[in-house]
Amino acid sequence: MSRGDRAIAYRAGPAGPATAGLLSAVCAGGGQLLNRQYAKGAIFMAAYAVALIVGVPRIGRALEGLITLGDTPTRIVDGTLVRGDHSIFLLINGLLALFAGAALLLLHALNVADAYRHRAALIAGGGAFSGTRRYGDAAAAAQALPKLGRAAPTHRRPRDGRTALLLLAPALLFVLFVSVVPMLFNVLIAFTNYASPNHIPDRSLVSWTGLQTFSRLLSDRAWTSTFGGIFAWNVVWAVLSTLVAYFGGLAVALLIEHRLVRFKKLWRTAFVLPWAFPSFIAILVFRVLFNGALGPVNGLLERAGLPAVPWLSDPTVAKLTVLLVHFWMSMPFLMALLAGILTTIPKDLYEAAEVDGAGGASKFRRITMPHVLIATSPILIMQFASNFNNFNLIYLLTDGGPPNPDYYFAGSTDILLSWIYKMTLEQNQFNMASAVSIVMFVVVALVSVLNYSRTHSFREKD
Amino acid sequence: MKRMQDHLVAAGLYALLAAIFAATVYPLVWVAGTALNPGDTLLISSMVPEHPTLRHFGRLLRETDFALWYRNTMFISVSNMLLSTLLVTVTAYAFSRLRFKGRQVGLMTLLVLQMFPGFLSIMAIFVLLLQTGLLNTHLGLILIYTGGSVSFGVWVMKGYFDTIPRSLEEAAIIDGAGRADVFVRILLPLSVPAITFVMLTAFIGPVMDFILPQIVLRSSDKMTLAQGLYGMVSDKMNSSFSLFAAGSVLTALPITALYMFFQKYLIHGLAAGADKG
């Protein structure tokens, strides 16, 4: 093969760009040899051989595994255990093979394009053969690559693409392996029967089941009511916790700003402490403080002659406790933030309002509120999103409890995320956990994209 | 009469402030009190112990692996801080200053990824780490943290870079400076607030996190502070609240000091990230 290519290459004269491209398509490096880029052609050819001999068969096998998810279950033959296929490993390997295959195809396409363009440049440049050779292959490659971006707007400097690729490569790899691959894997699981007790590798095989998991989630009564109940509480929780902390923070900031209050800085520093205190420790401390039988809070109530409160064991009270603890933890940040924004409101606005005879309430409603809301609406939405998924608070404070007998694998204060966690790590209901997370992801992603696409970055001009 | 009214209002305001103050510090004082109180009970009789002792701190260091957890946590946090700051700065520079195909798509992808809680992919991360031999290693955990911090950090950092006028850099380039030179000598020094913010969040994240270590680190000699302290409270048979309190104090003091010291950067960094990013 390679000898034939070289023979063509030496006759170099009339072959057009299409011939060079075709040669490279059949065998990588072929077109480059035709263009008399011998070193480059040889390297491309060697890489092509390695990919064909080592890479392609492996990718093929892995893709086959992705489709079948294994066909030999673990079994006992003549009294000894014979390991079968591990469906989940097959799935992950298949996924990685998909990416590897795509990368190989992309490289091959670049190789073809390179041969084509270089040939075209040679023909256009007349007898430029020797010239290109003198400048070397790297320079030719440097000219060929950026042109891949079609119809580049004029402000796109020609070398930006290559620099960007170089700078972005590490982040790209990280994001690919830590975020994208795991996320795709997670999505795929929803379309299998991967769940305890019957389909746990490598004791037994997992297979593709299409949309069955979703139809169970939406039609099986117990699943539907668990999902509906948790989803409703999750939304109520996210809205209430955000609003309560926000307006609480605003109230405290205004309180400190009051003209009769002295030592403003001191109060602000004292009140911001909970924000600086590590949140997971604070949550664990509250877990101990609100303990029903031994907790110091109930101890205090008892000494004051008041009845004990089931802080964490009554479904309704537990929800209020979660809100209370969240308020303690989040109010300080919002107070500090809003205090900063309050100082940016021009004083003459208030003075003008006073001249017009406006009272305190109407000054607040007409001047303070609009100003603060406009400045902090992105923060408000960010807080909403992070509260929606505030796993640490729920799990470390209540474990999702108290247990709810009407729910599948969930308690009264569980939010979707802690429910998913329980289904995954405690109950091995992987496919259902994955289906719920897909639904959740769609909701959160829609909200955040809507929010961000209106902010600065996407309206940038240059 | 006006003075009289002012006094009444002031009294009300101060009463309110005092109440908020009490609720704010009660849990903090309780932890400190429990840590210093000689006994091993939850119900300390007075907030300020009569016979304060450092006994529990000594026990914490002798009887538990607290020092080891501390070292592990610091190693993971500092490594993540350095690695992700480097990655975030370089990536954000590309998104802010270069114009290339797929830029908008890349930004939007990062945005969506950032909204997806990392540990939803626990299963896949577990299998991937297992297959690469990185399960139960600090390196595995650090790589996951770094990968996870890219999307959020890049948005904050890019937003900040965007606010720095390009004319400065263009002037330097006309004077013959290279791109790398401009980045290191001009852009980085101007971005100290954003870099501080990204470094701090990358440092604090692993200290606070509980779930990922719980999944990745399987043996007790690899554990982090959060895992260790959670174990002390959740273990129903063998709870030692005094030890937990002592450990909390030792963990919280440096973190709280860090937060208070960098308060401006942390609070306004987040605001800037949301507003301009």
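Which residues in H8(A) meet which residues in H3(B)? The legends below get to that, and keep in mind that this is a predicted model.

**View 1. Chain A by itself.** Chain A has 462 residues, and 37% of them count as buried. Its secondary structure comes to 20 helices and two strands. Take the contacts in chain A with a separation of 6 or more: 62% of them come from residues 24 or more positions apart.

**View 2. Where chain B touches chain A.** On the chain B side, 70 residues are in contact with 77 residues of chain A. Helix H1 of chain B, residues 2-36, gives the most to that side, with 14 residues. Sorted by class, the side of chain B that touches chain A has 52 nonpolar residues, 12 polar ones and six charged ones.

**View 3. Two helices crossing between the chains.** The crossing of H8(A) past H3(B) is left-handed.

**View 4. The residues that meet at the crossing.** Back to the opening question: H8(A) brings Ala164(A), Leu167(A), Leu168(A), Pro170(A), Ala171(A) and Phe174(A), and these meet Leu87(B), Val90(B), Thr91(B), Tyr93(B) and Ala94(B) in H3(B). As for class, the contact of H8(A) with H3(B) has 10 nonpolar residues, one polar residue and no charged ones.

Conventions: Residues numbered from 1 in each chain as written. Chains lettered and ligands numbered in written order. Predicted model: local features only at pLDDT ≥ 70, side-chain atom pairs only at ≥ 80, totals over all residues. Contact = placed C-beta atoms within 7 Å. Helix = DSSP H or I, 4+ residues; strand = E, 2+ residues; numbered from the N terminus. Nonpolar A, V, L, I, M, F, W, Y, C, P; charged D, E, K, R; others polar. Buried ≥ 20, exposed ≤ 12 C-beta atoms within 10 Å, placed from the backbone. Left-handed = near helix turned anticlockwise from the far one by under 90°.
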